[in-house]
Every structure is written in C-alpha cells, then in structure tokens.
Amino acid sequence: MILKANITEALRSLVSAKQRTILALIGIVIGIGSVIGMVSIGSIVQNEALKQFKDMGVDIATVRKDSGEKGSEMALKDILGLKGRGDVTEVAPYLTSGTEYGSGSKKMFMEQMGVTESFFDLNKIVMKRGRRITDLDAYRYFCVIGTETEQFLNSAGTPDPIGSRIALGDRIYTIVGVMGAVSEGGMRPYGINRSVITHITTGTRSFQSKEINTFMVRLAGLKAAPEVKAEFQDYFEKKSNGLRVSVNTAEELIASMKKQMQLFSLLLGAIGSIALIVGGIGVMNVMLISVTERRKEIGLRRALGAQQMDIQAQFIIESVTLCLAGGIIGIFLGIGVSLVFAKLSKWEFLVSYGSIALGFGVATAVGIFFGYYPARQAARLDPIKALRS
Amino acid sequence: MLKIIDVHKNYAVGPTEVKVLKGISMEVGKGELLAVIGASGSGKSTLMHMIGLLEQPTSGDYFIEGEKISYDNDRVLSTIRNRKIGFVFQQYHLLPRLTALDNVGVPLVYRGMREPEIKEKSMVFLKKVEMEDRARHRPNEMSGGQQQRVAVARALVGNPSIVLADEPTGALDTRTGQEIMNLFRKLNEEEGITIIVITHDHKIAAQCKRQVEMVDGVIVQSSESRVQS
Ligand SMILES: Nc1ncnc2c1ncn2[C@@H]1O[C@H](COP(=O)(O)OP(=O)(O)OP(=O)(O)O)[C@@H](O)[C@H]1O
Ligand SMILES: [Mg+2]
C-alpha cells in the first residue's frame with residue numbers, strides 16, 4: 001500500500017515540476033532510444049543477412065582472379081571444367097558490366113550480366129514469368145530481367161516486357177523472362193534485381209568488359225577457405241600460367257559479418273551507454289534538486305512516522321518512475337528509428353521483443369542506480385533541521 | 001503516560017556547546033491538557049521535539065507508557081512516532097500537493113493501511129474538526145484556521161497516546177486561535193485525548209488544566225489552573 005502511495009506521490013511530484021522533468025527525460029529518452037535502436041537495427045541487419053544464406057545455403061564459395069595479373073586469364077572452358085572435380089558440384093561463372101539505359105529524366109543504371117544456366121540454380125533465382133537463360137542461348141541475344149528493371153520498363157510504357165526488345169549499347173536483346181526479387185549482398189552478386197542477364201558467351205562478345213574474373217561454386221561439403229583456395233590455385237596455375245586466385249566462402253563471410261555486427265553493436269552500445277550515463281546524471285541532478293526543495297516535506301513525513309527506508313523508497317520510486325517514463329518514450333523512438341532504417345534500406349522491419357524488455361530493464365536500473373544517492377541523502381536528513389528549513 | 005527524568009540537550013555550535021535543556025524532569029498523565037509556556041529561546045520547541053522523538057537527548061531518560069526509549073533504531077522510533085504521537089505545528093505543515101483528506105491520511109499510509117480504509121478514517125476525523133466540506137481542497141485553497149484544523153485531524157487520525165502542539169495558534173488571529181483552542185479542549189474533555197500545547201500566550205495557557213513554565217532550559221514552575229469553561 002505504501003508502494004502504491006509512493007507511485008501516486010512520485011507522479012504528483014513529477015507532474016508538478018514539468019519543465020525539470022522534461023529536461024531530465026531527454027537524456028534518458030536518447031539513451032534508451034539508442035540502445036533500443038541499436039538492438040533493433042542489429043537484428044534487422046542480421047535477419048536480412050542470414051535470410052540470404054538460408055535460401056542459398058552455406059556450402060558456397062566465390063572465386064576471383066587476383067587483379068593486376070596481365071596475360072593470364074581464366075578461360076571459360078577451364079572454369080566449367082571444374083565441375084565434378086573434387087568437391088565441386090556446380091560452377092557458375094559470370095561477367096558483369098554496368099550500362100545506363102534510357103534518356104532524359106527516364107534513366108536507369110542497369111547491371112548487365114553474362115551467366116550460364118547454373119547461375120540460376122546456385123543463386124536460387126526463381127522466375128516470376130517466362131523462362132530463364134539456358135546453355136542453349138549461347139551466343140544468342142536473349143535476356144531475362146530483374147524486378148526493378150521490369151518496373152522501370154513498365155513505367156517507361158512497356159506493360160508486359162516479355163517478348164519485347166531492349167537496346168543496350170549497340171546490341172538489341174529479346175526479353176524472355178522476368179526474375180523474382182532476391183535479397184542482395186553476401187554471396188550473391190549485387191544488382192540482380194536491376195539486371196539484364198544474357199548467356200555468358202553472348203556477354204563476352206558484346207559487353208564492354210569481356211574478361212571473366214569471377215565464378216561461384218557449390219561444394220559437396222563445408223570446407224575452410226584456405227583449403228578451397230589451395231585446390232583452385234593449384235588447378236589454375238597449371239591451366240593458365242601464373243594465375244592467382246582468391247576465395248571467399250559463405251562460412252567465412254558469415255563469420256566476418258558476425259564480427260562486424262558485434263563491432264556495430266559495441267559501438268552503438270557505447271553511444272547508448274554514454275547517453276544513459278549523461279541521462280542518469282541528469283536524473284540524479286533533478287532528484288537532488290527535488291530532495292532539496294522538499295526538505296520540509298521530508299521532515300514532516302518523518303515526524304508523521306515515515307522511516308528512513310520509507311523516504312528512501314519514495315525517492316527511488318520517483319526516480320525509477322521518471323526513468324521509466326523516459327524509457328517508454330525512448331523505446332518508441334528506438335523502434336521508430338529502426339523502422340525508418342528498414343524502410344530506407346528496403347529491408348524487412350522487425351521488432352525484437354527482447355529489446356523492449358531490455359529497454360524497461362535498463363530504464364529501471366538507471367533509475368535505481370542514479371536515484372539511490374539522492375534518496376539516501378533524503379532519508380538521512382535530520383527531521384528537525386528539514387522541518388525548520 | 002510520559003515520564004522525563006533529568007534530560008539535557010546540548011547543541012554543538014562550532015567549537016562551543018549550547019546548552020538548551022538543562023535537566024528537565026516532568027511527568028504527563030493520561031487525559032491531561034498541559035500548557036508549556038516560556039520566553040522565546042527558553043527551549044520549549046526543543047523539549048517538544050524530544051518528547052516527539054524527533055530529537056535525541058544528550059543525557060537523561062525518557063519513558064512512554066512505561067517503556068524506556070532507546071534511540072539506536074530508526075524503525076522502532078519511527079513506529080512509536082507514527083502510533084503514539086500526533087504533531088500540530090505552528091506553520092500547519094500540510095503537504096501542498098495533497099487534498100485535505102489525503103493530508104489527514106498520511107500517518108496511516110506509513111502503517112501500511114489500505115487506501116479505502118485510510119480515506120474512510122480520514123473522513124471521520126475531518127468531520128470531527130468540521131472540515132468535511134473541504135475534503136477535496138488543497139492547502140492553498142484554505143484559510144490558516146482551516147489548514148490548522150486539518151492538521152489537528154491529521155494529528156488525531158492515528159489515535160495517538162499524545163498530541164504535541166507547538167504554538168498551534170501562533171500564526172492565527174485571536175478568534176481563529178481561540179477556535180483551535182476550543183477544539184483542543186473539546187477533544188480533551190469529551191474523548192480524553194492527552195494534549196501538550198506550547199505557547200507564549202498566557203491567555204491560551206490559562207485554558208489548559210495545568211501549566212508548566214520554562215526559563216532558559218529548566219522548568220521553573222508548575223501550576224494547576226482554576227477550572228475554567
Ligand atoms: N539545531 C540547533 N543548533 C544550535 N542551537 C539550537 C538548535 N536548535 C535550537 N537551538 C537553540 O536552542 C534554544 C532553544 O530553542 P527552541 O526553539 O527550543 O526555543 P523556543 O522556546 O521554542 O523558542 P520560540 O518561542 O521562539 O519558539 C535557542 O537558543 C536556539 O537558538
Ligand atoms: Mg519554538
């Protein structure tokens with residue numbers, strides 16, 4: 001019952017000192033807001049990154065030719081020849097080249113890619129409409145397009161692009177399919193959604209850059225990157241004099257992503273903690289003023305039978321109430337920030353309920369920690385001196 | 001009911017000691033209406049704070065209802081204060097944010113009583129001081145006399161053994177002061193409540209059954225009143 005009376009009293013007191021309460025809240029709001037924002041954004045990023053690996057699998061590696069080596073090239077037949085050797089179950093070489101399409105205000109930067117049929121399997125690309133590029137399309141001017149490319153063509157006056165033609169550079173391609181949207185980043189090459197994809201042999205003829213320097217492989221089992229690298233290095237050194245390659249495995253990428261996430265969390269955590277400490281000191285300051293202003297009240301309550309513990313509880317509850325009020329606003333702020341972040345980066349928005357619980361927990365902890373000292377001061381006041389003040 | 005034996009109280013002011021109470025012994029019986037008079041600075045308030053357990057004597061013994069007070073436990077002292085003592089101050093000391101009703105209930109909050117019961121009891125005592133129609137008013141919406149009545153209700157609500165009033169009429173005009181005094185006399189006569197009134201107004205003191213005079217930290221004289229009405 002004392003608890004209830006204390007909470008009522010805390011609210012009364014905080015409301016009666018509005019300005020001060022609001023000022024103290026700002027720090028807490030920012031502190032809790034950044035903690036919640038950081039946890040939410042963290043989980044949004046992680047969710048997005050892992051989503052990709054969930055549908056592509058983790059038994060994938062990307063092999064790149066090291067730059068700067070003149071003269072030694074990865075030949076398409078050598079790359080394709082890898083399939084079935086050792087652990088390699090699938091090979092997908094690709095070629096990319098950027099092109100601007102359209103004119104005036106209606107312009108789009110498109111990713112031109114040359115691929116083999118296996119590219120679609122490896123990247124788990126599902127066709128929305130039409131067909132994919134097969135190896136029967138070698139040297140032919142057929143293409144498939146990504147969803148963003150389709151949207152652009154729609155807005156440029158082509159409601160159903162299948163069967164229509166698209167002129168890129170000095171070539172004209174016939175669109176035979178539209179790919180479903182895929183999430184980008186990680187092992188998947190960038191720009192699939194805004195791409196125009198032809199067969200790789202068509203690409204080497206018509207693209208600006210004609211050299212194949214990247215391919216993806218699927219491996220039969222999980223292997224460490226150095227091991228995979230050694231195998232391919234060995235293979236290409238024999239085939240093509242002095243060629244050096246570097247290898248990224250999915251596993252390695254996940255590990256480095258996790259590390260980055262940790263770093264990111266640590267950074268935001270540090271910012272959040274600093275804001276919370278600043279906010280907490282603000283709360284402590286407000287509470288100290290509140291204690292000073294209410295010395296008479298404290299003396300009176302002591303005269304009427306309040307124990308030191310009662311007074312201490314009253315002020316700690318007041319400070320916790322203050323921090324919780326800031327915490328609730330901060331939680332909304334943090335979720336709002338992560339919502340904006342998700343919208344801007346076109347990623348799936350999600351609220352982590354753990355972060356909300358964390359927000360309440362941290363707010364309460366800050367309230368108790370920074371309210372303790374002022375409350376203790378209040379409890380230790382000499383009742384008579386307090387009454388006389 | 002109260003027994004004080006050779007109580008001294010010194011305050012340290014810088015390097016020197018100020019002796020405020022210099023060996024006070026007195027007894028207050030149940031149902032008394034006692035006035036403590038004396039010049040300003042004679043130590044009346046200090047004595048009252050000592051009786052009210054807000055101040056620890058430098059030496060001497062103090063018994064309430066036969067029980068010797070020890071000053072080492074805040075919980076025990078607070079509980080005695082809460083249950084056995086009711087204070088009325090010159091400056092009323094009502095909590096400004098609380099209504100009259102809630103102000104009366106404060107001592108009961110510290111007994112862990114439930115809210116409906118607190119409100120009910122507070123209302124009974126507001127009626128006793130004829131302030132029930134001001135129950136929802138806050139202190140700044142009441143006159144001094146009205147505030148002091150609420151303060152009296154607050155002092156009584158916990159059914160204490162003794163009510164200590166430090167110049168309860170000091171901030172009021174003569175008529176309003178007299179009304180508060182009438183209230184004390186009525187409570188004392190009809191309900192047998194023990195009351196100590198501190199005052200330097202001899203007219204007020206004369207209305208009490210017994211007077212004690214303090215001069216410079218000692219009790220110099222104790223006298224029975226001619227019964228007045
Ligand atoms: N905390 C203290 N420190 C030092 N001296 C004090 C303290 N409290 C009271 N005194 C001194 O004790 C003396 C008695 O004070 P007290 O308040 O008891 O007087 P009083 O009889 O109530 O006077 P008044 O009629 O003016 O209220 C005064 O001289 C005062 O200065
Ligand atoms: Mg006094």
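## Chat on a predicted model

Visitor: Which residues does Glu111(A) touch, leaving out residues up to four places away in sequence?
Guide: Thr96(A), Ser97(A), Gly98(A), Tyr190(A), Gly191(A), Arg194(A), Ser195(A) and Val196(A). Keep in mind that this is a predicted model.

Visitor: Where does Glu111(A) lie?
Guide: In strand E3 of chain A, residues 106–115.

Visitor: Why does Glu111(A) count as buried?
Guide: Because its relative accessibility is 13%, and buried means under 20%.

Visitor: Zooming out. How many helices and strands does chain A have?
Guide: 12 helices and 10 strands.

Visitor: What radius of gyration does chain A have, and what would a compact globule of 389 residues have?
Guide: Chain A has 32 Å. The compact globule would be near 21 Å. The C-alpha atoms fill a box of roughly 100 × 50 × 35 Å along the principal axes.

Visitor: And how many of the contacts in chain A with a separation of 6 or more are between residues 24 or more positions apart?
Guide: 78% of them. As for burial, 50% of the 389 residues in chain A are buried.

Visitor: Which residues make the nonpolar surface patch of about 400 Å²?
Guide: Ile22(A), Leu23(A), Ile26(A) and Ile30(A) make it.

Visitor: Take Leu23(A). Buried or exposed?
Guide: Exposed, because its relative accessible area is 61% and the cut-off for exposed is over 50%. Leu23(A) sits in helix H2 of chain A, residues 18–56.

Visitor: Next, helix H9 of chain A. Why is it called largely enclosed by the rest of the structure?
Guide: Because 7 of its 9 residues are buried. The helix covers residues 295–303.

Visitor: Which residues of H9(A) are buried?
Guide: Glu297(A), Ile298(A), Gly299(A), Leu300(A), Arg301(A), Arg302(A) and Ala303(A).

Visitor: What is the phi of Gly305(A), which follows H9(A)?
Guide: Positive, near 115°.

Visitor: Last topic, cysteines. How many disulfides does a search of the whole structure find?
Guide: 0, over all chains. A disulfide would be a covalent bond between the sulfur atoms of two cysteines.

Visitor: Is Cys323(A) buried or exposed?
Guide: Buried, at 0% relative accessibility.

Visitor: And Cys208(B), buried or exposed?
Guide: Buried too. Its relative accessible area is 1%.

Methods: Residues numbered from 1 in each chain as written. Chains lettered and ligands numbered in written order. Predicted model: local features only at pLDDT ≥ 70, side-chain atom pairs only at ≥ 80, totals over all residues. Heavy atoms only, no water. Patch = residues over 30% accessible without salt bridge, like charges linked within 9 Å, V, L, I, M, F, W, Y side chains within 5 Å. Areas by Shrake-Rupley, 256 points an atom, 1.4 Å probe, with all protein chains shown as cover. Salt bridge = Lys/Arg side-chain N within 4 Å of Asp/Glu carboxyl O. Helix = DSSP H or I, 4+ residues; strand = E, 2+ residues; numbered from the N terminus. Buried < 20%, exposed > 50% of the residue type's maximum accessible area, 1.4 Å probe, protein only. Rg over C-alpha atoms; globule rule 2.2 N^0.38 Å. Contact = heavy atoms within 4.5 Å. Disulfide = S-S within 2.5 Å.
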